[in-house]
Amino acid sequence: MGAYVPRLKNQRKPHRPPSIKRQERQKYYNTSMWHKLRALKLEQACYLCEDCLDPNTVNEDGSYGEKITEATDVHHMLSFAEKGLSEAERQRRFCDIDNLVCLCRYHHLLRHGLIKDKNRKGDIDNEKGDL
């Protein structure tokens with residue numbers, strides 16, 4: 001075992017290789033089919049964040065819905081990477097355009113539980129995971 005070396009306050013963490021789960025998901029995202037499906041979904045949503053437009057959703061600035069924000073991410077509502085799914089079900093979820101939602105970066109991170117909605121009381125009940 002090596003000697004302890006303290007990290008400086010602003011020093012970056014050492015590079016960590018992507019998890020196996022992330023590597024498996026990337027196989028799907030690196031396909032031309034995904035790029036076409038993503039572009040089609042963004043076009044359908046007029047490149048707008050669907051959560052920002054929802055009157056029942058709290059936006060980053062604390063307002064409720066009907067905010068015009070550019071969608072930069074496309075999110076699977078039902079994960080295709082869930083444990084125990086058959087390959088056929090995984091493909092169905094991945095390719096189903098009705099299982100996709102266009103989101104701004106804030107709402108995408110919120111859906112993954114990677115940030116907390118400071119405007120909402122109580123805990124967030126979103127699916128957890130890395131992007």
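Me: Which residues on the other side of H2 are exposed?

Reply: The model is a predicted one, in which local features need pLDDT of at least 70, side-chain atom pairs count only at pLDDT 80 or more, and totals for chains, interfaces and linings use all residues. Residues are numbered from 1 along each chain as its sequence is written, and side-chain values use heavy atoms, with hydrogens and water left out. Exposed denotes over 50% relative accessible area, buried under 20%, and partly exposed in between (1.4 Å probe, protein chains only). On the other side of H2, the exposed residues are Ser-32, Lys-36 and Glu-43. Helices (H or I, at least four residues) and strands (E, at least two) are DSSP runs, numbered from the N terminus.

Me: Which residues of H2 are buried, and why do they line one face of the helix?

Reply: An α-helix has 3.6 residues a turn, so residues three or four places apart point the same way. In H2, the buried residues are Trp-34, Leu-37, Lys-41 and Leu-42. Viewed down the axis of H2, these buried residues fall within an arc of 135 degrees, so they line one face. The arc is that of the directions from the helix axis to the C-beta atoms.

Me: How many salt bridges does a search of the whole structure find?

Reply: A salt bridge is a side-chain nitrogen of Lys or Arg within 4 Å of a carboxyl oxygen of Asp or Glu. The search finds nine. One of them pairs Arg-93 with Glu-82, with the closest N and O atoms 3.2 Å apart. This pair links distant parts of the chain, eleven residues apart: Arg-93 lies in helix H4 (residues 87-95), and Glu-82 in the loop between strand S1 (73-76) and H4. Arg-93 is buried at 11% relative accessible area, whereas Glu-82 is partly exposed at 40%.

Me: What separates Glu-87 and Arg-90 in helix H4?

Reply: Glu-87 and Arg-90 are three residues apart, or about one helical turn. They form a salt bridge whose closest N and O atoms are 3.9 Å apart. Glu-87 is partly exposed at 46% relative accessibility, while Arg-90 is buried at 16%.

Me: Which residues do salt bridges that share partners join into one network?

Reply: Arg-92 and Asp-96 meet in a salt bridge of 3.7 Å, N to O. Shared partners join Glu-82, Glu-89, Arg-92, Arg-93 and Asp-96 into one network.
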